[in-house]
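Please read them with the structure open.

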Amino acid sequence: MNRRQFLEGAASGAALLSLAGPAAAQAPTGAAAFNIPSLAEGQRFDAALVVDAARTLAQKPLIPLTATDLPEGYATLPADQFAGIRTRPEATIWAGENRGFTVEPLHRGYVFSNPVSLFTVEDDTVRRVAFDRARFDYGRVAAPPGNGDLQFSGMRIAAGLERPFEVAIFQGATFFRALARGQNFGAMSRALILRPGEQRGEELPFFRAFWIERPSPAVNSLVIHGLLDSESVTGAARMTLRPGDVTYIDVEMTLFARQALEHVGFGCTSATFLSGPQSRRTFDDVRPSIGEVSGVQMWSGSGEWIYRPVNNPATLQVSSFVDENPKGFGLVQRERDPSAFQDDDQRFELRPSVWNEPLADWGAGSVQLIEIPSDAEPNKNIITYWRPRQPLAAGSETSISYRQAWCWQPPERPPLAIATRTRQGKGSQGRRRRFIVEFTGDRLSDAALIAATRATVTAQPGAVHGVRLWPYPERKMMRVGFEVDPGNDALSELRLVLQAGGQPVSETWLNRWTW
């Protein structure tokens, strides 16, 4: 299970739908079949109409997408040739208008064969973005014959007037990714995730259309409305993009369940982690570490700050962190030292952290972490999301809202020392494993606090031995070492926190280790 397999599953066809009447029950062909009269060319736009369209769509069976209209050879294009198909700069949406944003429609092909309809909203009126092959520079690829309406596979967004930069990409299923100024693309989000990691297979929702509101030059934000569809659910998403040194995406989504949904996830983010000092897996590679993220950070509903380093395990691992009304969570890259990776091409130290902050109470549920064994760098083998405890009943309507920060470090930070590095290796005897965890923070320069600090370490199951602390106040750092003996067990859940006078000095460090 990897990014390519996810996208191939989502890019398996191109039949479109109509909400105009009974004819929608038949599988139409071609772009003209996408027909929502209230949201078509020339109509007055209202965000509520996208929600109404999703509600109406949920009353009909899913019309699967099929890519029969894709020109011959485009579905099997090599990745490098497909990447060479780019919209000509002068053909991007709002080029030369100094609005602070331009939108580049993306061609279909490779694993992105699904058609996506693009519309703009200008002066409150819907304008359809028509496909025109003259819009594209095809590089080494032969342009498609004729000028049929192939639609698009998604869009790439650039922001800024004085120093414009690519800030977000929406392409494939409900995938999107973004970054802060100065970063490289890395982690990837999804508007909705269904049944990940289950034996019966994952269900992949997809966006059928986007309506992009023309931005005002005076406002540093871009509003995007999306209509999503899937076998079990339909939905309307409103995403407000605000780029900068921290790039925010506010996501407001309304879902309409065609079927009962027991395993649904919100705030989903996936990223690559192959190797590093925190993981037993090693590769014959000149780089000491390979990973876009280092761990999962959580701020629980009760106020506890938690950090869990991620791993590339030998077998599939699924962890659940039960909570109620979480304050935030996300995949983070805490390693910003280039020497940790020594990769002058990928620059993993420049990849974004992604922090999800609920904008309303989410109730009871759990932060889910899926760690998939992987030996291929393109694979997004680390997945995290919020799974509500309450299933979505068939015929129900559910609203969810949250704010994503694509950032160097989450805007909300613990007032405690944080775990910045984790190392592990063979212990002193038998099956023991030795761990070294480094905590950093301003408080660790206080001599009195250091003298009172103790490490509380537990292993379930297993026994903890040889706990030691090494303070380095001049570096505002404390190193903790210990060994874990699992006995005859093959898995142990580890927990570590620094405390002084019964109060936490550090966030809570968690880890799952498998033997």
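The points below concern a predicted model.

1. Nonpolar cores. The largest core has 77 residues. Ile157, Phe170, Phe210, Leu222, Ile224, Met239 and Phe266 touch the most other members. Beyond its neighbours within four places in sequence, Phe170 is in contact with residues including Leu106, Phe175, Phe176, Phe210 and Met239. A second, separate core holds 24 residues, among them Val437, Ile450, Val505 and Trp509.

2. Cysteines. The whole structure has 0 disulfides. The sulfur of Cys268 has its closest cysteine sulfur in Cys407, 17 Å away, and that is too far for a bond. A disulfide would need the two sulfurs within 2.5 Å. Cys268 is buried at 1% relative accessibility. Cys407 is buried too, at 0%.

3. Arg44 pairs with Asp124 at 3.6 Å, N to O. Arg44 is in the loop between helices H1 and H2, and Asp124 is in the loop between strands S3 and S4, so the pair ties together parts 80 residues apart in sequence. Arg44 is exposed at 61%; Asp124 is partly exposed at 42%.

4. A buried pair. Glu292 and Lys380 form a salt bridge at 3.0 Å, N to O. The two residues lie 88 apart, in loops between S17 and S18 and between S23 and S24. Glu292 is buried at 5%, and Lys380 is buried at 6%.

5. Glu493 in strand S31 and Arg512 in strand S33 form a salt bridge with the closest N and O atoms 2.8 Å apart. Glu493 is partly exposed at 31%, whereas Arg512 is buried at 14%. Elsewhere, salt bridges link Arg86, Glu104, Arg156 and Glu166 in a network.

Note on methods: Residues are numbered from 1 along each chain as its sequence is written. This is a predicted model: local features need pLDDT of at least 70, side-chain atom pairs count only at pLDDT 80 or more; totals for chains, interfaces and linings use all residues. Side-chain values use heavy atoms; hydrogens and water are left out. A nonpolar core is a set of buried Ala, Val, Leu, Ile, Met, Phe, Trp, Tyr and Cys residues joined through side-chain atoms within 4.5 Å. Buried means under 20% relative accessible area, exposed over 50%, partly exposed in between (1.4 Å probe, protein chains only). Contact means heavy atoms within 4.5 Å. A salt bridge is a side-chain nitrogen of Lys or Arg within 4 Å of a carboxyl oxygen of Asp or Glu. Helices (H or I, at least four residues) and strands (E, at least two) are DSSP runs, numbered from the N terminus.
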